[in-house]
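Student: Hi! Could you walk me through this one in plain words?
Tutor: Happy to, let's look at it together.

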Amino acid sequence: MTPASLANLIDALRVLPGVGPKSAARMAYHLLQRDRTGAARLAAGLAAALDNLRSCARCNNYSEAEVCDNCADPRRDPRLLCVVEMPVDLNRMEETHAYKGLYFVLMGRLSPLDGVGPREIGLDRLLRRAQDGVTEEVILATNFTVEGEATAHYLGELLKAKGLKVTRMARGLPAGGELEHVDAMTVAQAFLDRKPI
């Protein structure tokens, strides 16, 4: 019979995306048998994150302060507001060094089948943020999945109805990509999104 504390650990690990009962058990046994130091670091890291992190009052990203470093940075262009699904998307945008405006993180995307509607993605906060009198353009940078496209369409229509300029991040071929290795939908979208040179 599995001790209660081990069963609780396995059950706790199952909250991670893509982790089923067997994977959770393997992780639990690994942490207990081979990496107790790592397990302690994991527990401490989770506890610290839960204690210290909150939503930024302006962009909804995780922050240890009322307003995150991005939103507080006077060098960022407050006229541009880029809407992304998750903090990892914001991080990816920042890695490019191509965007110098501000962000709003939805913390998800519309997915009616999963019970995720406008309220769950903070639509009211986004509307207040976008109508702050400073924002001139809202850039929708949701993922190019069915849910991401639906979210971009819904947000775009709503924001345009409020009189805001709304743009969508372009899709296309990856740098260094060869046409023969790219799916037809991406090629078609790259063709439609072409621009003059």
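Student: Which residues of α2 meet α3?
Tutor: Leu 31, Leu 32 and Arg 34 in α2 meet Arg 36, Gly 38, Ala 39 and Leu 42 in α3. Contact here means heavy atoms within 4.5 Å. Helices (H or I, at least four residues) and strands (E, at least two) are DSSP runs, numbered from the N terminus.

Student: And what classes of residue are in that contact?
Tutor: The contact of α2 with α3 has 4 nonpolar, 1 polar and 2 charged residues. Ala, Val, Leu, Ile, Met, Phe, Trp, Tyr, Cys and Pro count as nonpolar, Asp, Glu, Lys and Arg as charged, and the others, Gly among them, as polar.

Student: How do the axes of α2 and α3 cross?
Tutor: At roughly 115°, and the axes of α2 (residues 21-34) and α3 (residues 36-52) come within 5 Å. Axes are lines fitted to C-alpha atoms, for helices over the stretch in contact, and angles run from 0 to 180 degrees between N-to-C directions.

Student: Before I go on, what sort of model is this?
Tutor: This is a predicted model: local features need pLDDT of at least 70, side-chain atom pairs count only at pLDDT 80 or more, and totals for chains, interfaces and linings use all residues. Residues are numbered from 1 along each chain as its sequence is written, and side-chain values use heavy atoms, with hydrogens and water left out.

Student: Got it. On to the strands: what order do they take in the sheet?
Tutor: The order is β4-β3-β5-β6, in an open sheet of 4 strands with parallel pairing. Two strands pair if DSSP finds at least two bridges between them. β4 (101-105) and β6 (165-168) are the edge strands, each pairing on one side only. On average, neighbouring strands of this sheet are turned by 25° against each other, direction ignored.

Student: How many bridges do β3 and β5 pair over?
Tutor: Strand β3 (residues 77-84) and strand β5 (residues 137-140) pair over 4 bridges, in the parallel sense. Val 83 stands opposite Leu 140 in β5.

Student: Which helix packs on the sheet?
Tutor: Helix α7 (residues 146-161) does, touching β3, β5 and β6, and its direction makes about 165° with that of β6.

Student: What about the largest nonpolar core, which residues touch the most other members?
Tutor: Of its 17 residues, those are Val 83, Leu 106, Leu 126, Val 138, Leu 140, Leu 155 and Leu 159. A nonpolar core is a set of buried Ala, Val, Leu, Ile, Met, Phe, Trp, Tyr and Cys residues joined through side-chain atoms within 4.5 Å. Buried means under 20% relative accessible area, exposed over 50%, and partly exposed in between (1.4 Å probe, protein chains only).

Student: Which element gives the most to this core?
Tutor: That is α6, with 4 residues. Leu 155 touches Val 83, Leu 106, Leu 123, Leu 126 and Leu 140, not counting residues up to four places away in sequence.

Student: New topic! What is the phi of His 97?
Tutor: His 97 has a positive phi of about 60° although it is not a glycine. Most residues other than glycine have a negative phi. His 97 is in the loop between α5 (87-96) and β4.

Student: Is His 97 buried or exposed?
Tutor: Exposed, with a relative accessible area of 61%.

Student: Last one: where does UniProt place the zinc finger region?
Tutor: An unreviewed UniProt entry places "zinc finger region: C4-type" at residues 56-71. UniProt positions are given in the numbering used here, feature names are shortened, and annotations may be inferred rather than shown by experiment. The end C-alpha atoms of residues 56-71 lie 8 Å apart.
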